[in-house]
Every structure is written in structure tokens, then in C-alpha cells.
Amino acid sequence: MADDISIEFSLLVEHGREQEAADFYAAAFGAKQVDTYSLDGVLMAVEMRFGTMPVSVAGSNPKREQAPSYGGPFFPKAPGAVSTIFRVNVGDIDGAMQSAVAAGALTRDAIQTDILGRRVASVFDPFGHIWALVERKPASVSIAA
């Protein structure tokens, strides 16, 4: 059964900001735009790849926003008003943090060493989502004698 399972997710932003968000994720995290989906000439979603992970950057449905009892999903109304933190494993956290901030992210937690000895940081993207950056430790190199 595990071979039959794959995960994809939709990251919701305010309707009308889909392309702006896709451009941010490309600049901040190196995500690649794969396709777009429109309805009646209005952009609804941008399909992207974050490394090998497929992600749909979609606009929150304004009709659901007008009737909250109908249920979400909704876009974050304030930085961090989310139920998920997206974790990005990076080879160079200094460069990744610089790219994210240059693209418009706000620092949530500066680069620091966590209890596992990893260098970590987190940012708010311009759309309210939290992104944790975790530096991959280099693979240990052994030299044969």
C-alpha cells in the first residue's frame, strides 16, 4: 500500500495573489512553476515543484470566505495564523535565508542552532505562511588509508 501513496498539497493565498505568491516561492526557495489553471480567464492556481514535491498555489475561494460556517480552506489572515509550518531542508541556510528575505519574507526566528545541533531559522512569507529552514548536515566523508 505504501507504494500507492503520494502527497500533494495546495497552499492557499488570498484570491488574486496566486501568481505573486508563485513568483515569491520561486525567488525565495527556488520552486519551479510547472503549469497554471484558470477558470473563465481568471487564474485559480499555479502548479509548482519545490524540489520534487508538487505544490499547488491556489487562491482561497471568496464565496467560502463570505460564509465561514461552510468551512475552509482559507488563506492566513495574519502572519502565522496557520495550522502548518512548511519545512525546507537546505544545503546553505545563510544563502537560503538571504534569498527568502530578499524576496520579501520577514524573519520569524534568526539563524540559530537547535537542540539537535542543526542550524535552523524561520520566516513569514508575504502571504502569512511560516517556513522553517533547516540546514542539512554535510554527509560525513571517510578517507580510506
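1. A salt bridge here is a side-chain nitrogen of Lys or Arg within 4 Å of a carboxyl oxygen of Asp or Glu. By that criterion, Asp94, Arg119 and Glu135 are linked in a network. The structure holds five salt bridges.

2. This is a predicted model, in which local features need pLDDT of at least 70 and side-chain atom pairs count only at pLDDT 80 or more, while totals for chains, interfaces and linings use all residues. Residues are numbered from 1 along each chain as its sequence is written, and side-chain values use heavy atoms, with hydrogens and water left out.

3. Helices (H or I, at least four residues) and strands (E, at least two) are DSSP runs, numbered from the N terminus.

4. Arg119 also meets the side chain of Glu135, at 3.5 Å from N to O. This pair, too, links distant parts of the chain, with Glu135 in strand β8 (residues 130–135), 16 residues from Arg119.

5. On accessibility, buried means under 20% relative accessible area, exposed over 50%, and partly exposed in between (1.4 Å probe, protein chains only). Glu135 is buried at 15%, whereas Arg119 is partly exposed at 28% and Asp94 is partly exposed at 38%.

6. Another salt bridge joins the side chains of Arg17 and Glu20, at 3.0 Å from N to O. Arg17 is partly exposed at 24%, and Glu20 is partly exposed at 42%.
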